[in-house]
Structure formats: structure tokens, C-alpha cells
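Biologist: I'm new to this one. Can you show it to me and walk me through a couple of its helices?

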Amino acid sequence: MEKPKFKTVQEVIASGEGLPERYLHTPTGDIESQPLDAPVPEMDIPAIDLILLLSPSDNGRQELTKLHSALSTWGVVQVMNHGMTEAFLEKIYELTKQFFALPTEEKQKYAREIGSIQGYGNDMILSDDQVLDWIDRLYLTTYPEDQRKLHFWPEIPAGFRETLHEYTMKQQVVIKQFFKGMARSLELDENCFLDMYGENAMMDTRFNLYPPCPRPDKVIGVKPHADGSAFTLLLPDKDVEGLQFLKDGKWYKAPIVPDTILINVGDQIEIMSNGIYKSPVHRVVTNREKERISVATFCVPGADQEIHPVEALVTETRPRLYKTVKKYVELYFEYYQQGRRPIEAALI
Ligand SMILES: O=C(O)CCC(=O)C(=O)O
Ligand SMILES: [Fe+2]
């Protein structure tokens with residue numbers, strides 16, 4: 001059950017009352033006890049040419065090898081040749097910035113209702129001791145179109161709705177190509193992931209604002225988590241770093257590569273690939289001076305789809321790791337706010 005809502009981060013700042021205790025992390029004694037703003041090395045992930053992934057040429061095969069290597073280690077790639085122009089991506093960033101810069105009363109028209117995810121505001125608080133994330137967000141289901149709740153879709157700034165619709169349709173193309181590329185990189189039939197993902201798959205887009213934060217050493221933007229999606233398309237801020245991935249117990253920062261889309265594997269591809277492709281734990285740290293913006297789209301299999309390891313990836317040397325799951329995302333949110341990894345519930 002959701003606890004009462006708290007102010008948005010922008011409202012906390014505007015109130016001038018200082019930093020509420022509810023945002024402060026206390027050291028736990030493990031890796032998380034380092035100051036959150038400790039410098040970390042940059043991760044070494046490739047930029048993948050999306051079109052080449054579907055090409056039978058030698059270059060295409062090399063691209064598949066690159067993809068396989070990145071997804072089986074980091075679980076993350078940057079994608080180029082995704083069919084969206086620099087100007088179009090710029091428009092999405094601008095509209096996001098403009099939305100969050102609107103007066104509170106205007107944004108509150110799209111406020112999230114208690115107990116549900118869609119809309120403007122902050123994430124659900126599920127327990128009294130939940131440490132709050134330094135993030136305001138607008139969360140919208142964008143696909144299929146008949147699932148849209150348009151009363152949450154901002155009418156101001158002008159063009160927001162149309163651009164989000166256009167972005168959704170363009171992402172659809174990328175999603176299909178990426179699923180096929182992943183299947184090919186594992187020497188599977190090109191449609192095998194797409195078939196499991198289902199015709200009734202959904203897309204949710206989350207617009208994120210991380211305002212400047214007075215205590216980046218103790219306050220986190222998004223606490224460590226892995227995504228519950230099949231995979232996630234992310235437009236990270238073009239100038240301000242903050243996204244970090246965990247590998248072998250250490251944090252690494254994601255590089256900023258202009259005009260690429262960052263794609264990270266989510267738990268459901270980890271399950272479908274029988275653990276070969278990793279759903280990486282990641283977090284967002286805050287910045288003292290600069291605000292940060294990002295736009296994440298979660299690709300979620302249809303609610304009646306059974307998600308399980310693809311048969312061809314279960315072998316004598318690689319026994320089946322995961323059970324069959326359905327409606328994984330529902331289970332996910334419960335675990336996430338408790339700081340637990342939902343995928344553990346799917347382990348055999
Ligand atoms: O802001 C980011 O770069 C990442 C956000 C994220 O991990 C999420 O929304 O799941
Ligand atoms: Fe995430």
C-alpha cells in the first residue's frame with residue numbers, strides 16, 4: 001500500500017526549508033557506504049550500428065559479435081543509426097526541460113494519483129523508512145495507443161503530445177530491430193524474442209528531472225536497481241553525467257556519446273536469454289550545480305505473455321536458470337522500493 005505522497009524535489013527546493021532527512025542515505029558498511037559522489041571510472045561499452053546488426057555481411061557479423069560481448073558483460077550498449085535525427089532528439093530534450101520548468105500548478109494538472117504509477121510527481125513511497133530519490137518524473141504509457149491515459153499527457157509545452165507520439169512510433173522500429181539483432185547475436189531465429197515479447201507489448205516512457213542537489217555525497221537520484229523491462233531505451237542528459245552501472249562490485253559511469261540511444265538489458269531479456277545477457281544494476285548520482293534530464297522508455301512484454309528462457313539457450317552445460325514468469329512488472333515494483341532484486345524471485 002502506498003504511503004502519503006511527499007512534495008516533489010522542485011517543491012522541496014522552492015520551499016527553502018533545507019534538505020529533509022528523508023533523502024539522506026546512511027552508510028551500510030558495503031560498497032554503498034562510499035560517498036555517493038566518489039569519482040568512478042568510465043565504462044567501456046561499444047556504439048553499435050543498428051542497421052548493421054541485420055546485415056548478412058562480414059561487417060554485420062562483427063557488429064553481432066560486439067553486441068554479444070557488450071550485453072553478456074555490461075548489459076549495455078550505445079546505439080547509433082537508429083533513424084532519429086539530432087534535431088528530433090534535441091526537441092525531446094527541450095520539451096522535457098520546458099515541461100519541468102512550468103509552474104507547479106500547471107504540472108499538478110497531470111499529477112500521479114495515489115496507488116498508480118502514471119503521471120507527474122515522485123515515485124511511490126511504500127514504507128516509512130524508504131529513503132527518497134532526488135528525482136521528479138512524468139511517467140506515461142505510450143503504447144499501445146488505446147492504453148494511453150491522455151489526461152496525463154501535457155498540453156503545455158505545445159508539441160509535447162505530438163512529439164511523444166512520434167518518438168513512440170520511431171522507437172517501435174528500433175525495438176523490433178534490436179530484438180532481432182539480439183536474437184541473431186545468440187544464433188537464434190531472428191523472431192524468437194519478439195514472439196515471446198508478444199503483439200500486445202507495452203511501452204512506458206519516464207521523463208526524469210534531477211534538480212541540483214546540495215548533498216551529492218549523501219543523496220541519490222535513483223537508487224540502485226535493474227530494470228524490470230525486456231530492455232530500456234534511454235536518452236541520458238547530453239551534458240551532465242550521473243548514470244552509473246555496477247560491474248563486479250564496482251561502479252562505472254556511462255559515457256555521454258552524442259546522438260546515440262543507450263540501451264540496457266532489463267530483467268526479462270536476462271530471463272529469456274537464460275542469463276547470458278545481463279540486466280545490469282544501475283543508479284543515478286546527483287550533481288551540486290547542474291540539473292540533469294533523461295528520458296527512459298521501458299519495453300514491457302504483454303501481460304499475458306509467458307516469459308521464460310528460450311529452449312535453444314538451455315543446454316547441458318547451461319541448465320535452465322529461470323522459471324516462467326508472467327506480469328513480471330507488478331512483482332517488480334514491490335521488490336524495488338524495498339531495495340531487493342526482483343529477478344531473484346524468478347531463479348529456479
Ligand atoms: O536517468 C537515467 O539516466 C536513468 C534512469 C533510470 O535508470 C530509470 O528510469 O530506470
Ligand atoms: Fe533504470
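Predicted model: local features only at pLDDT ≥ 70, side-chain atom pairs only at ≥ 80, totals over all residues.

Biologist: How do you know that the length of α2 agrees with what a helix should span?

Modeller: Helix α2 covers residues 58-73, and at 1.5 Å a residue its 16 residues should span 22 Å. The end C-alpha atoms are 23 Å apart, so that agrees.

Biologist: Which residues of α2 are called buried, and what makes a residue buried?

Modeller: They are Glu63, Leu64, Leu67, Ala70 and Leu71. The word applies when 20 or more other C-beta atoms lie within 10 Å of a residue's own.

Biologist: Why do you say they line one face of α2?

Modeller: Look down the axis of α2: the buried residues fall within an arc of 135°, so they line one face. Asp58, Gln62 and Thr65 are exposed on the other side. Among the elements covering the buried residues are β1, β2, α5 and β10. Just past the end of α2, glycine 75 has a positive phi of about 75°.

Biologist: And what about α3: how does its reach compare with the 21 Å expected?

Modeller: Helix α3, residues 86-100, reaches 22 Å from first C-alpha to last, which is close to the expected 21 Å. Its buried residues are Ile92, Leu95, Thr96, Phe99 and Phe100. Down the axis of α3 they fall within an arc of 130°, so they too line one face.

Biologist: Which residues of α3 are exposed on the other side?

Modeller: Glu86, Ala87 and Glu90 are. The cover over the buried residues of α3 includes β4, α5, β5, β7 and β12.

Notes: Residues numbered from 1 in each chain as written. Chains lettered and ligands numbered in written order. Helix = DSSP H or I, 4+ residues; strand = E, 2+ residues; numbered from the N terminus. Expected span 1.5 Å × (residues − 1). Buried ≥ 20, exposed ≤ 12 C-beta atoms within 10 Å, placed from the backbone. Arc of directions from axis to C-beta. Contact = placed C-beta atoms within 7 Å.
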